[in-house]
Amino acid sequence: VYNFSAGPSMLPEEALNQAAQEMLDYNGTGMSVMEMSHRAKCYDEIIKEAQELLRELMEVPANYKILFVQGGASTQFAAAPLNLHVNGKADYILTGNFAKQAYKEGARLTQARVIASSEEDNYTYIPSVTPDMIDKDADYVHITTNNTIFGTKYVSLPDTAGVPLVADMSSNILSERMDISKFAVIYAGAQKNIGPAGLTVVIVRDDLLERFKEDCPTMLKWKTQADKDSLYNTPPTYSIYMAMLVFRWLKKLGGIAEIEKQNRYKAGLLYDYLDSSDFYRTAVKKEFRSIMNVPFVTPSKELDEAFVKEAAQNGLVTLKGHRLVGGMRASIYNAMPVEGVKKLVEFMKKFEAANK
Ligand code: PMP
C-alpha cells in the first residue's frame, strides 16, 4: 500500500529489503544487528557510518556534534532549557501543536515567553518575527520548522540577532537543503524521514555544550552523549542501523538536493490539483505550505469519512487527518514514491467526480 501516515511512516523499500536480508546474519557475524553488543566492533562500524552519512547528507559543519539519543523529540522540549541555561529565559514562536508543547514544557524549566503565534488562526500561517521582538538576553529562540499537523513550514528562518536558534525539525529534516550554520541546535524524532521510532537526532554547535544547568539529569545532558560519541549507555541500536540504511539510500539517490526536487514535485502534484478543484479545500496560506504534510477537506464530514474509507480500499492508507484539523492529511515524506502521490491525485479526481 501507499501509506500516508504522519509518522511512523513509509521507509524506502530498498532499506527494508536490505534489513530483511541481513535479519538473521549481519555481514557474516552470524547474528542479527538486534543481538549485537553496542560495544562490538561490528556495531561500531554501523553507528559511525550512520553519523558520517548524516553529516555528509546535511552538510553539518565540523563544529557541530551529531548525537543519537532516545526519548523522542518530546524529551528535547525539556532538554533545550536544561542544556542552554545562561540567563534562564527563552523565546518561543508558536506555529502548531508541537511548538506549543515545546513551549509548555520549556515554561516548566525556564522563563519562557511567546513572541509570536498563529494559534488564533488555527496555525494556518507562520507569523513573521523581526529581531526587535527577540529578547537579546534570551538563552535561545525556539521554532518548529515544519508543522506536521497543520501543514505549514518556515520558508525563511527568523533573524534572531545572534540569539541561538533551536529548531524542532522532526517532520522535515532531510527533506530540503538547509544551511545548518544558521541553527544552534536541531533535533528530530527519527520516525518520519530518518528511520524507525526510538532514535532521536540532536545536532548541536559544540560551543553550546557547556551551558547545561548544574542539576540537568545525566541522560538529558547533550554533553554526556557528545563526550561518548552517543555510546554513554545503550543506544537504540536497531533504529540506528535502519537509519544508516535509509541514509545510504538517500545518498545513492543523489542526496538532499535530489530528494528536495522530488519532494517539491510530489507536493506540486497535490497542491496543483487542490488549487484547481472547488470540491477540496486546504486552509493553509499558500506561501507557507509544507511539502511534507498536506491537510485538506471535502465539503462535508460525511464525505471526508467516505474518502478515507474508499481510499484505503484502493491501497491509499492512513489518510485521516489529525483530530485537531479533521478531514484528510497526506504525509508525503522522502520515502513516498512519486507514483503514490499520482495514485492519490487520480483517486481524488474520481472521488470528486462521483460525489460532486
Ligand atoms: N515535533 C514534531 C514537529 C512532531 O511532528 C512530533 C511527532 N510527530 C513531535 C515533535 C513529537 O515527537 P516524538 O513523538 O518523537 O516525541
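This is a predicted model: local features need pLDDT of at least 70, side-chain atom pairs count only at pLDDT 80 or more; totals for chains, interfaces and linings use all residues.

Visitor: How many helices and strands in the protein chain?
Guide: Nine helices and 13 strands.

Visitor: What's the radius of gyration?
Guide: It is 21 Å for the protein chain. A compact globule with 356 residues would have a value near 21 Å, so the two agree. The C-alpha box is roughly 60 × 60 × 30 Å along the principal axes.

Visitor: And how much of the chain is buried?
Guide: Buried residues account for 56% of the 356. The chain exposes about 15400 Å², with 49% of that from carbon and sulfur atoms.

Visitor: Switching to cores. Which residues have the most contacts inside the largest nonpolar one?
Guide: M58, F68, L174, I194, Y241 and F247, in a core of 60 residues. Helix α6, residues 237-253, gives the most to this core, with eleven residues. Apart from it lies another core of 31 residues, including Y280 and F351.

Visitor: What does F247 touch?
Guide: Leaving out residues up to four places away in sequence, F247 touches A50, L53, L54, L57, L174 and I194.

Visitor: Where does α2 run, and what does its buried side pack against?
Guide: Helix α2 covers residues 41-58. Its end-to-end C-alpha reach is 26 Å, close to the 26 Å expected. Among its buried residues are A50, L53, L54, L57 and M58. The buried residues of α2 pack against β2, β10, α6 and α7.

Visitor: What follows α2?
Guide: E59, with a positive phi near 50°.

Technical notes
Residues are numbered from 1 along each chain as its sequence is written. Side-chain values use heavy atoms; hydrogens and water are left out. A nonpolar core is a set of buried Ala, Val, Leu, Ile, Met, Phe, Trp, Tyr and Cys residues joined through side-chain atoms within 4.5 Å. Buried means under 20% relative accessible area, exposed over 50%, partly exposed in between (1.4 Å probe, protein chains only). Helices (H or I, at least four residues) and strands (E, at least two) are DSSP runs, numbered from the N terminus. Contact means heavy atoms within 4.5 Å. The expected span of a helix is 1.5 Å times one less than its number of residues. The radius of gyration is taken over C-alpha atoms; the globule rule is 2.2 Å times the number of residues to the power 0.38. Accessible areas come from the Shrake-Rupley method with a 1.4 Å probe; for residues, only the protein chains shown count as cover.
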